[in-house]
Amino acid sequence: MPLRLRRQPDLVCQQIVELVTDYLDGALPRADRGRFERHLAGCPQCTAYLAQMRETIRLTGRLRVADLSPAMRADFGELYRGWRAEAT
Ligand SMILES: [Zn+2]
C-alpha cells in the first residue's frame, strides 16, 4: 500500500457506521466523503452495511438515528466480527 497522502488516517469500520447517515444525507464534507468511499472500495462488510442502510431508507422513507441504534449497530458489529473470523 502506498504511503502517500497519509495526513489523515483511513477510516475504520466503526467510523463508517457513525458516518453512514451523514453520507446518505449528503451531509458529509467533501474530504470525508472521499475517505468514506475509499474505505468502501476495500471493505465488503461496510459496502453491505451501506446497502442495508439504503434499503432501510427505501422502506421507511427516511433514515432516522433511532433506526440505527443500538440494535443495528450491534448487528453490524456481529457481522463484522464474523467476516473477520472467516478472513483469518
Ligand atoms: Zn469497513
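This is a predicted model: local features need pLDDT of at least 70, side-chain atom pairs count only at pLDDT 80 or more; totals for chains, interfaces and linings use all residues.
The face of α3 turned away from its buried side carries a set of exposed residues, namely Pro44, Ala51, Glu55, Arg58 and Leu59. Within α3, the buried positions are Cys46, Tyr49 and Met53. Because these three residues cover an arc of only 55° around the axis, they lie on the same side of α3. An α-helix has 3.6 residues a turn, so residues three or four places apart point the same way. The helix comprises 17 residues and reaches 24 Å from its first C-alpha to its last, close to the 24 Å expected at 1.5 Å a residue. The residue that follows α3 is Gly61, whose phi is positive, near 90°.

In its overall secondary structure, the protein comes to 5 helices and 0 strands, and the order of elements from the N terminus on is α-α-α-α-α. Of the 88 residues of the protein, 8% count as buried. Among contacts between residues at least 6 apart in sequence, 62% join residues at least 24 apart.

The largest nonpolar core consists of 6 residues, Ile16, Val20, Phe36, Cys46, Tyr49 and Met53. Two helices, α1 (13-25) and α3 (44-60), each supply at least two residues of this core, and α3 gives the most to it, with 3 residues. Phe36, a further member of the core, is in contact with Leu11, Ile16, Leu19, Tyr23 and Leu28 when its neighbours within four places in sequence are left aside.

The packing of α1 against α3 can be described in terms of geometry and of the residues involved. The two helices pack at an angle of about 35°, with their axes 11 Å apart, and their crossing is right-handed. On the α1 side the contact is made by Cys13, Ile16, Val17, Val20 and Leu24, whereas α3 contributes Gln45, Cys46, Tyr49, Leu50, Met53, Arg54 and Ile57. Among the residues in this contact, Ile16 and Val20 of α1 and Cys46, Tyr49 and Met53 of α3 are also members of the largest nonpolar core.

Gln15, which has its place in helix α1, counts as partly exposed because 16 C-beta neighbours lie inside 10 Å. Although Gln15 and Phe36 are 21 residues apart in sequence, their separation in space is 8.8 Å, C-alpha to C-alpha. Asp10, in turn, is found in the segment before α1 and, with 13 C-beta neighbours inside 10 Å, also counts as partly exposed. Between Asp10 and Arg35 there are 6.7 Å in space, C-alpha to C-alpha, for two residues that stand 25 residues apart in sequence. Once neighbours within four places in sequence are left aside, Asp10 is in contact with Arg35 and His39.

Definitions and conventions
Residues are numbered from 1 along each chain as its sequence is written. A nonpolar core is a set of buried Ala, Val, Leu, Ile, Met, Phe, Trp, Tyr and Cys residues joined through C-beta atoms within 7 Å. A residue is buried if 20 or more other C-beta atoms lie within 10 Å of its own, exposed if 12 or fewer, and partly exposed in between; C-beta atoms are placed from the backbone. Helices (H or I, at least four residues) and strands (E, at least two) are DSSP runs, numbered from the N terminus. Two residues are in contact if their C-beta atoms, placed from the backbone, lie within 7 Å. The expected span of a helix is 1.5 Å times one less than its number of residues. The arc is that of the directions from the helix axis to the C-beta atoms. Axes are lines fitted to C-alpha atoms, for helices over the stretch in contact, and angles run from 0 to 180 degrees between N-to-C directions. A crossing is left-handed if the near helix is turned anticlockwise from the far one by less than a right angle, and right-handed if clockwise.
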